[in-house]
Amino acid sequence: MPVPKRKRSRARRDKRFANKALSVYSVGACGHCSAPIRSHQLCSLCGYYKGVKVVQDKVERTEKRLKNNRSADKPGRA
Ligand SMILES: [Zn+2]
């Protein structure tokens, strides 16, 4: 297996990361709740993307679960 002949100095190694600074990303506003969001990403607050509900939030999941549990508890079952 080939092995590098010499150790690469810290200066040469660190030059590789010199151009890897964080870039500034563009921030837009959510079309539904107008919270600041990154472009091309869904809103983490309301779960909307391009005006369409994509993700359920915690309240909706809880309500759905409670509704299903209530329908399972029909009278006459023991
Ligand atoms: Zn939103």
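Student: Where in the chain is the place of His40?

Tutor: In this predicted model, His40 sits in the loop between β2 (36-38) and β3 (48-49), where helices (H or I, at least four residues) and strands (E, at least two) are DSSP runs numbered from the N terminus. Residues are numbered from 1 along each chain as its sequence is written. The model being predicted, local features need pLDDT of at least 70 and side-chain atom pairs count only at pLDDT 80 or more, whereas totals for chains, interfaces and linings use all residues.

Student: What is the phi of His40?

Tutor: Most residues other than glycine have a negative phi. His40, although not a glycine, has a positive phi of about 65°. Lys50, likewise not a glycine, has a positive phi of about 55°, and Lys50 is placed in the loop between β3 and β4 (52-53).

Student: Is His40 buried or exposed?

Tutor: A residue is buried if 20 or more other C-beta atoms, placed from the backbone, lie within 10 Å of its own C-beta, exposed if 12 or fewer, and partly exposed in between. His40 is exposed because 9 other C-beta atoms lie within 10 Å, and Lys50 counts as exposed with 9 C-beta neighbours inside 10 Å. Of the 78 residues of the chain, 3% count as buried.

Student: In what pattern do the helices and strands follow along the sequence?

Tutor: The chain holds two helices and four strands, and along the sequence they follow the pattern α-β-β-β-β-α. The radius of gyration of the chain is 26 Å, well over the 12 Å that the globule rule gives for 78 residues, so the chain is more spread out than a compact globule; the radius is taken over C-alpha atoms, and the rule is 2.2 Å times the number of residues to the power 0.38. Along its principal axes the C-alpha trace spans about 80 × 40 × 15 Å.

Student: How far does helix α2 reach from its first C-alpha to its last?

Tutor: The expected span of a helix is 1.5 Å times one less than its number of residues. Helix α2 (residues 58-72), with 15 residues, reaches 21 Å, close to the 21 Å expected, and the count of buried residues in α2 is zero.

Student: Where in the chain is confidence lowest, and where highest?

Tutor: The predictor's confidence in each residue is its pLDDT, from 0 to 100. The mean pLDDT of the chain is 88, with 94% of residues reaching 70 or more; confidence is lowest in α2, at a mean of 86, and highest in α1, at 94.
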